[in-house]
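Hi everyone, thanks for making time this morning. Let me put the structure up on the screen, and then we can walk through it together.

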Amino acid sequence: MDKGGWKQTLALFVVLASAYTEASFSWHMNDFIKAVKQVEDGSSGSEPVAVLKRLRRAAGLNDAFIQHFLGDANSGDPELDASLSDYIRKALCHRVTEDAREEGVVLTSDGTTVALRPLLLGIEAGFLSRTKRRVQGLHQLTLAKDLGHSFRHSTPLTQRLGPDGCWDNLTSPQVFTLSDSPSALTTAQINGGMDGVILGMDVSAKSRHPLKLSGLLTAYYCHHLEREGLDSAPQLISRRRRENFSGLVVPPVLARQAVKSVELQGSLKGRPKMDVKVKKQLTAVMKEGMKEFVHKYMDCPPIIPRCMWGAEPYRGTPTNLTLPLSFMYIHHTHTPSQPCLTFQQCSADMRSMQRFHQDDRGWDDIGYSFVAGSDGYIYEGRGWHWRGAHTLGHNSIGFGVSFIGDYATRLPSQHAMGLVRDKLASCAVGGGRLEANFTLQGHRQVVNTSCPGDALYNEIRGWERFGEVKK
């Protein structure tokens, strides 16, 4: 074969190899972990810091702000395979397109979506830390810089945080579309930032680091729950994201770090030191913005949106509730009778109940406002604003919240009950959806039914907001 023929053959091979990588790797965390393993296997140094720097180099994450904390990502290591490098670049470079598609995010096995950039920057900062649980730059690299940008550039007519969104396919996800107009800091970015803080703090506190980055990510994102659900699960898993983050981060400290991030960016660009008056105004903006952050991502439980569990459209026109409401009614599903422990099973249960309510009972939608799985998540039914079909004669005055399973003789997991009793209720009150002095009741108290089962009913009678029916 002549020289020209060899060149054509080589060019064709490169194109085919790149196409194969794009086809074989989706935007699922499991596939990203496979890509990390390829980097580890093809590198002379597979320890986490070396791999993280190679990932950062491939993605071009090497600006002055990042280098200030993590150093230069460029090294003498050989370049990654072109197709693998292209996949990593797309995976780590975050942006939102004009048609509300969010890129640089991946779907995790628990049904949540995570931006990879803040996650990996936080982990790298943790590995580089020389002081246990005092990680230089951890807050700035994961959340503070982006929080500062979002709070400074939002207006009364735009949201400062969120939204979430949905994937085109849950088996091989390729396109993630936001559910509303994007802010400067989406839920996926916040999830990634939280995970970056959690894992960064964890690796900084361990005298012996994990052997490989892929192993750390697998342990955190791919844990399989036992029958007890989160009651018997390890602490360091993604399903515990919000509770772990809340235990590590003090909101006023995060607000101060956001201000420091703004100052540092100005310094790195050669700007003069921030005026005292301007800094005071900026601090006030950050404190106010943090109230929304704390409510949405620390006080409220994680809620899986309708489009993620595969809900069919509402049939007809929903009736809007007049908020705040005065009651929360507790149910069990009875059928399905078993607790669900995975995003896949809980989603299938939600679809099954919606089909039963729409097709067999002739309702417009799934009846419940919200449903609690045993996988660590609340699932959106009719949500905060649509009147439900859960508690006959009382649907306009209360939210209906059901636990997946039959709880006549046993209880839901303690974690699932805590999500409803403590987090969902607090979220509803803090968001102006429930009266502060709301009453919690079992379905059987106002309708002739055995729901929510004897065991669960006896349990909720001891909850703080439980109230008897007034005669």
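Let's begin with the rings: Phe25, Trp27 and Tyr87 are joined into a cluster by ring pairs. By a ring pair I mean rings of Phe, Tyr or Trp (for Trp, its six-membered ring) whose centres lie within 6.5 Å; planes under 30 degrees apart are called stacked, those over 60 edge-to-face, and the rest tilted.

Before going on, a word about what you are looking at. This is a predicted model, in which local features need pLDDT of at least 70 and side-chain atom pairs count only at pLDDT 80 or more, while totals for chains, interfaces and linings use all residues. Residues are numbered from 1 along each chain as its sequence is written, and side-chain values use heavy atoms, leaving out hydrogens and water.

Back to the rings. How many aromatic pairs does a search of the whole structure find? The count is twelve. One of them brings Trp167 and Phe176 together in a tilted arrangement, with 5.0 Å from centre to centre and 45° between the planes. Trp167 and Phe176 are both buried, where buried means under 20% relative accessible area, exposed means over 50%, and partly exposed is in between (1.4 Å probe, protein chains only). Another pair is Tyr457 with Phe466: the planes meet at 70° and the centres are 6.1 Å apart, so this one is edge-to-face. Here too, Tyr457 and Phe466 are buried.

Some rings also have a charge over them, which requires NZ of Lys or CZ of Arg within 6 Å of the ring centre and within 35 degrees of the ring normal. Arg421 places its charged end over the ring of Trp463, 5.4 Å from the centre. Likewise, Arg465 has its charged end over the ring of Phe438, again at 5.4 Å from the centre.

Now for the cysteines. A disulfide is a covalent bond between the sulfur atoms of two cysteines; the cut-off used here is a pair of cysteine sulfur atoms within 2.5 Å. Searching the whole structure gives three disulfides.

Take Cys166 and Cys307, whose sulfur atoms are 1.5 Å apart. This pair links distant parts of the chain, 141 residues apart, with Cys166 in strand β5 (residues 165-167) and Cys307 in helix α13 (residues 306-309). Helices (H or I, at least four residues) and strands (E, at least two) are DSSP runs, numbered from the N terminus. Cys166 is buried at 10% relative accessibility, whereas Cys307 is partly exposed at 43%.

Next come Cys300 and Cys427, with sulfur atoms 2.0 Å apart. Cys300 sits in the loop between α12 (276-299) and β7 (303-304) and Cys427 in helix α15 (residues 414-430), so the bond ties together parts 127 residues apart in sequence. Cys300 is buried at 7%, and Cys427 is buried at 2%.

Then there is the disulfide of Cys340 and Cys346, its sulfur atoms 2.0 Å apart. The torsion about its S-S bond is about 95°, so the disulfide is right-handed. Cys340 is buried at 0% relative accessibility, and Cys346 is buried at 0% as well.

Cys222 itself is partly exposed, at 22% relative accessibility.
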